[in-house]
Amino acid sequence: MAMKNHPSCISFLLLLLPLLLQFYSAKSELQLNYYAQSCPNAEEIIKQQVIKLYNKHGNTAVSWVRNLFHDCLVKSCDASLLLETVNGIESEQKSDRSFGMRNFKYVKTIKEALEEECPTTVSCADIVSLSARDGIVLLGGPRIEMKTGRKDSKESYLSDVENSIPNHNDSIQSVLSRFQSIGIDTDGTVALLGAHSVGRVHCVNLVHRLYPTVDPTLDPDYAEYLKGRCPTPDPDPEAVSYARNDRETPMILDNMYYKNLLEHKGLLMIDQQLTSDPTTSTLVEKMAADNGYFHDQFARAVILLSENNPLTGDEGEIRKDCRYVNRD
């Protein structure tokens, strides 16, 4: 018993304590209100900028949600998606998986507002997550409590994008497996696919279901509508040629997506597979019948997605400009 109070043991512990604290700081976790002391208005600034941009360009809200998916599924929620091709960096935006993504220029608008209030304090990774959170609300989705404290990566991961982000033609089982690998279960994955309730799809990604013959799983009247939107089997990728994900409530994040699936009006192959796979079909029915349940599962899955392997503490950096790694 006397050994527990031996002076040499106490001295050793006192010497060890700073090292333990330093290690903890370097590996700190995400937390609610991370910027409460360093930039108290950070989250409100982001929210107000998201609202202003939405009022001018309604599709920005959809872009923020898609940014979250594309950033967090590739390695980490670290804003690597935002890096442009320069100084040896190859942007993830060059990937085919990023086809149709837009409004990156408006991230700069949000970042500039933050830099004016709190220079080099709020990370671009947190802007990606919080803008998605606020965009979801503007789209009629659930309010989500989201932790912050992410740091920005110093590199991009273009070569990892294709294997990290599911393709619209992938099997539902491969999509479930991909999300399961970052801790999102089947309920959560089915809910996240409900993000297809908003926005639009370029004809390039859906003509294979229309030509040379119509996919038999498509409702015939819906197929005719799609042919009207996409009249040729080889659309120009640069043309504004698209179909809305949801014709009834195209800019509302709701369970109409699942109701459409039950009527064979899924826009992408991956969407329609949800009704034919026994592991997901009952969840489609459940979410189609209960918008509240869909929102609950969607919110839970978004939190898990936004917390995928973040850089924190001494990892990464806080970029001054979200498009470029800081210069030493």
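**Exercise 1. State how the residues lining the second largest pocket divide by class, and then identify which helices supply them.**

Solution. The lining of the second largest pocket divides into four nonpolar residues, no polar residues and four charged residues. To see this in the structure, which is a predicted model, locate the residues of the lining, namely Lys 47, Ile 51, Arg 133, Asp 134, Val 137, Leu 138, Arg 143 and Ile 144. Turning to the helices, α2 (42–56) and α5 (124–138) each supply at least two residues of the lining, and α5 gives the most, with four residues. The space in this pocket comes to about 170 Å³.

**Exercise 2. Describe the largest pocket by its volume, its central residues and the elements that line it.**

Solution. Begin with the volume, which is about 1200 Å³. Of the 42 residues that line the largest pocket, Arg 66, His 70, Phe 99, His 196 and Arg 200 are the closest to its centre. Then consider the elements: at least two lining residues come from each of α3 (60–72), α7 (172–180), α8 (186–193), β1 (200–202) and β2 (242–244), while α3 makes the greatest contribution, with seven residues. Finally, the classes of the lining are 22 nonpolar, 13 polar and seven charged residues.

**Exercise 3. Determine the handedness of the disulfide between Cys 39 and Cys 118, and say where in the chain its two cysteines lie.**

Solution. The sulfur atoms of Cys 39 and Cys 118 are 2.1 Å apart, and because this falls within the cut-off of 2.5 Å, the pair is a disulfide. The torsion about the S-S bond is about 85 degrees, so the disulfide is right-handed. Cys 39 sits in the loop between α1 (7–26) and α2, whereas Cys 118 sits in the loop between α4 (105–117) and α5, so that the pair links distant parts of the chain, 79 residues apart. Cys 39 has a relative accessible area of 1% and Cys 118 one of 7%; buried means under 20%, and therefore both cysteines are buried.

**Exercise 4. Work out the handedness of the link between Cys 203 and Cys 230, and state which parts of the chain the pair ties together.**

Solution. A disulfide joins Cys 203 to Cys 230, with an S to S distance of 2.0 Å. The angle about the S-S bond is -80 degrees, and the link is left-handed. Cys 203 lies in the loop between β1 and α9 (220–229), and Cys 230 in the loop between α9 and β2, so the pair ties together parts that are 27 residues apart in sequence.

How values were computed. Residues numbered from 1 in each chain as written. Predicted model: local features only at pLDDT ≥ 70, side-chain atom pairs only at ≥ 80, totals over all residues. Heavy atoms only, no water. 1 Å grid on protein atoms, 1.4 Å probe; cavity = no way out; pocket = protein on both sides within 12 Å on 5 of 7 lines; lining within 4 Å. Points joined across faces, edges and corners; volume = space filled by probe spheres on them. Nonpolar A, V, L, I, M, F, W, Y, C, P; charged D, E, K, R; others polar. Buried < 20%, exposed > 50% of the residue type's maximum accessible area, 1.4 Å probe, protein only.
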